[in-house]
Amino acid sequence: MKKWFKISFALFLITILIIPIAACGKDDVTKVRIGEVTRSIFYAPQYVAIEKGFFEEEGLDITLTTTAGGDKTMTALLSDGIDVALVGSETSIYVNAQGANDPIINFAQLTQTDGTFLVSREKIDDFSWDLLKDSTFLGQRKGGMPQMAGEFALKKHGIDPHADLNLIQNVDFANIAPAFSSGTGEFVQLFEPTASVFEKEGIGHIVASFGVESGNLPYTVYMSKDSYLKENPETAEKFTRAIYKAQQWVDSHSAEETAEAIQGYFDNTDLDIIEMSVERYKSQGSFATNPILDQEEWENLQNIMDEAGELPQRINYETLVNTSIAENVMDE
């Protein structure tokens with residue numbers, strides 16, 4: 001009886017010791033809701049951060065939602081439907097122009113170039129931008145970063161998008177690729193993996209990169225309300241640290257390894273296409289290797305917006321960009 005009592009009492013002590021430890025570990029996990037503007041291989045480092053456990057290492061429980069469009073992403077962020085948005089920096093400028101009381105702050109950059117490619121219906125061995133003149137060009141949605149970067153590149157090569165082309169801009173993002181594959185347009189502006197899929201299937205041929213032509217800019221950035229960052233400084237730092245780890249991982253690993261890590265996010269895409277897309281983005285420096293959004297990129301963004309006639313007003317770099325979180329992470 002005494003022996004049984006001693007064993008039972010020992011088990012009781014172990015139980016009351018384990019419960020607080022387990023509860024403490026559970027309480028240490030912080031939930032963060034991310035809204036990504038679209039699902040894209042362009043965002044490979046984000047999926048690596050999830051799959052390789054970099055967020056988990058920081059005590060973060062991530063919920064990822066695809067919010068399908070910059071306007072919907074901003075609406076979700078402003079209405080507290082998400083904590084962090086992954087979207088183009090131009091959206092923070094649009095929100096600021098509307099007089100937001102709680103500014104949207106860019107705090108960690110993920111991609112640093114445009115992610116679209118110029119795809120020709122016909123194979124062109126010796127491509128020249130002049131070949132686009134008088135052609136039917138299926139472009140991206142007006143006011144979005146792909147469209148602005150695309151028009152910037154065209155003007156750089158002496159092409160007036162609205163005078164020298166039959167420019168189509170009234171097709172929804174999701175329907176641009178199907179429209180081209182069904183016969184609309186001689187040229188189209190597409191993201192990966194669609195560009196590579198079309199090339200593999202003989203539907204089109206990649207002839208140029210808008211990312212290369214438009215230079216470095218804060219194309220896709222993590223942003224949040226100023227109030228959220230001030231109320232949750234440790235969470236923002238942990239989040240940024242996880243992203244930085246993933247950026248370094250992608251930079252130091254092969255396109256094949258990255259493709260294998262993120263394959264689960266692209267069930268309907270062959271692994272070789274994912275790898276090809278990752279390699280294309282890596283080779284042109286589209287993936288940022290650290291989360292700092294620098295001032296030169298910010299000014300390039302506003303120049304491109306201004307050139308497109310979409311810049312409401314020029315915003316000082318310090319007003320909507322916070323690099324201190326990324327700098328703290330990188331100085332560790």
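Predicted model: local features only at pLDDT ≥ 70, side-chain atom pairs only at ≥ 80, totals over all residues.

Me: How many aromatic pairs does the structure hold?
Reply: The structure holds 15 aromatic pairs. One of them is F42 with Y219: the ring centres are 5.6 Å apart and the planes are at 75°, so this pair is edge-to-face.

Me: Why edge-to-face?
Reply: Because planes over 60 degrees apart count as edge-to-face, and the planes of F42 and Y219 are at 75°.

Me: Where do F42 and Y219 lie?
Reply: F42 is in the loop between β1 and α2, and Y219 is in the loop between α9 and β10. The pair therefore ties together parts that are 177 residues apart in sequence.

Me: Is F42 buried or exposed? And Y219?
Reply: F42 counts as buried, at 0% relative accessibility. Y219 counts as buried as well, at 5%.

Me: What about F173 and F191?
Reply: Their ring centres are 6.0 Å apart with the planes at 65°, so that pair is edge-to-face. F173 is in helix α7 and F191 in strand β8, 18 residues apart. F173 is partly exposed, at 45% relative accessible area, whereas F191 is buried, at 15%.

Me: Which residues do ring pairs link into a cluster?
Reply: F42, Y43, F117, F173, F191, Y219, Y281 and F287.

Me: Changing topic: which ring does the charged end of R121 sit over?
Reply: The ring of F180, 4.0 Å from its centre. The charged end of R280 sits over the ring of F117, 5.8 Å from its centre, and F117 belongs to the cluster above.

Notes
Residues numbered from 1 in each chain as written. Heavy atoms only, no water. Phe/Tyr/Trp six-rings, centres within 6.5 Å; stacked < 30°, edge-to-face > 60°. Helix = DSSP H or I, 4+ residues; strand = E, 2+ residues; numbered from the N terminus. Buried < 20%, exposed > 50% of the residue type's maximum accessible area, 1.4 Å probe, protein only. Lys NZ or Arg CZ within 6 Å of the ring centre and 35° of its normal.
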